[in-house]
Amino acid sequence: VRLPGGRTGSAAPGSAIRQIGDGFRYMQRTLVVLWLLFLLTFSVIFFGMLMPLIPAMASEVLDTSAVQFGWMWGAMSIGQASSAALLISLGGFKRNGVAMVGAASIYSPCLVLFGLTDTYWIAIVLLVGMGLAFPLWIAGGMTLLQNFTAAEYRGRVMAVFAISSQSIA
């Protein structure tokens, strides 16, 4: 999937404060961009909540060794790497919204079942599933956000997304 072209090599006129204000006004008046930012930014809360859950599950529920705990993180990484390889081989998705719905359909049940399991191997499989879903969600969402943003505001919108998602997580 190709992003729409835009200007390159020229800076927008005006001060940085004015450019930031222009970017926020653009986001407020462009509802699809505002809702995508909201959806992507606040979904990081739910995706990110898994990270403190893994050590708690490993020690309190699954009673894992250090090596098993490492494999839990490795399982998630294997899922993410597999999903990234799939995205690369396909060249992305033509319908990023479908990819996001598919990712949410994989991630959500895996997260719920992960919280309910007391079996180590089931937890490993569920972590692989969550790892598979995460890159699909992020790649699809960020591509949609960039596609719906006017070229002259794309940098500002993506900066707001990056700052807000880092401050929440």
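Some ground rules come first. Residues are numbered from 1 along each chain as its sequence is written, and side-chain values use heavy atoms, with hydrogens and water left out. Because the model is predicted, local features need pLDDT of at least 70 and side-chain atom pairs count only at pLDDT 80 or more, while totals for chains, interfaces and linings use all residues.

Start with the overall plan. The chain has seven helices and zero strands. Helices (H or I, at least four residues) and strands (E, at least two) are DSSP runs, numbered from the N terminus. Along the sequence the pattern reads α-α-α-α-α-α-α. The chain has 169 residues, and 36% of them count as buried. Buried means under 20% relative accessible area, exposed means over 50%, and partly exposed lies in between (1.4 Å probe, protein chains only).

Helix H1 covers residues 16–29. How many salt bridges does the structure hold? It holds one. A salt bridge here is a side-chain nitrogen of Lys or Arg within 4 Å of a carboxyl oxygen of Asp or Glu. The partners are Asp22 and Arg25, whose closest N and O atoms are 2.6 Å apart. These two residues are three apart in H1, so about one helical turn separates them. Asp22 is partly exposed at 23% relative accessibility. Arg25 is partly exposed too, at 45%.

The structure holds three aromatic pairs. Rings of Phe, Tyr and Trp (its six-membered ring) pair if their centres lie within 6.5 Å; planes under 30 degrees apart count as stacked, over 60 as edge-to-face and the rest as tilted. One of the pairs joins Tyr26 and Tyr153: the ring centres are 4.3 Å apart and the planes meet at 5°, so this pair is stacked. Tyr26 sits in H1, and Tyr153 sits in the loop between helix H6 (120–147) and helix H7 (154–168), so the pair ties together parts that are 127 residues apart in sequence. Are these two tyrosines buried or exposed? Tyr26 is buried, with a relative accessible area of 7%. Tyr153 is buried as well, at 15%.

Another pair is made by Phe69 and Trp73, with centres 6.3 Å apart and planes at 85°, so the pair is edge-to-face. Both residues lie in helix H4 (residues 66–90), four residues apart, about one turn of the helix. Phe69 is partly exposed at 28% relative accessibility. Trp73 is partly exposed at 27%.

Stay in H4 for one more residue. Leu87 lies there. With 15% relative accessibility, Leu87 counts as buried. Its C-alpha atom is 7.7 Å from that of Leu136, which is 49 residues away along the chain.

Now turn to the surface. Leu31, Leu34, Trp35 and Phe38 form a nonpolar patch there, with about 440 Å² of accessible area together. Patches are made of residues with over 30% relative accessible area and no salt bridge; like charges are joined within 9 Å, nonpolar side chains (Val, Leu, Ile, Met, Phe, Trp, Tyr) within 5 Å. Accessible areas come from the Shrake-Rupley method with a 1.4 Å probe; for residues, only the protein chains shown count as cover.

The arc is that of the directions from the helix axis to the C-beta atoms.

Asp63 lies in the loop between H3 and H4. What is its phi? The phi of Asp63 is near 50°, a positive value in a residue other than glycine. Most residues other than glycine have a negative phi. Asp63 is exposed, at 64% relative accessibility.

Last comes helix H5 (residues 96–116). At 1.5 Å a residue its 21 residues should span 30 Å, and the end C-alpha atoms are 30 Å apart, which agrees. The expected span is 1.5 Å times one less than the number of residues. Buried in H5 are Asn96, Ala99, Met100, Ala103, Tyr107, Cys110 and Phe114. Down the axis of H5 these buried residues fall within an arc of 115°, so they line one face. The face turned away from the buried side carries the exposed residues Val101, Val112 and Leu116.
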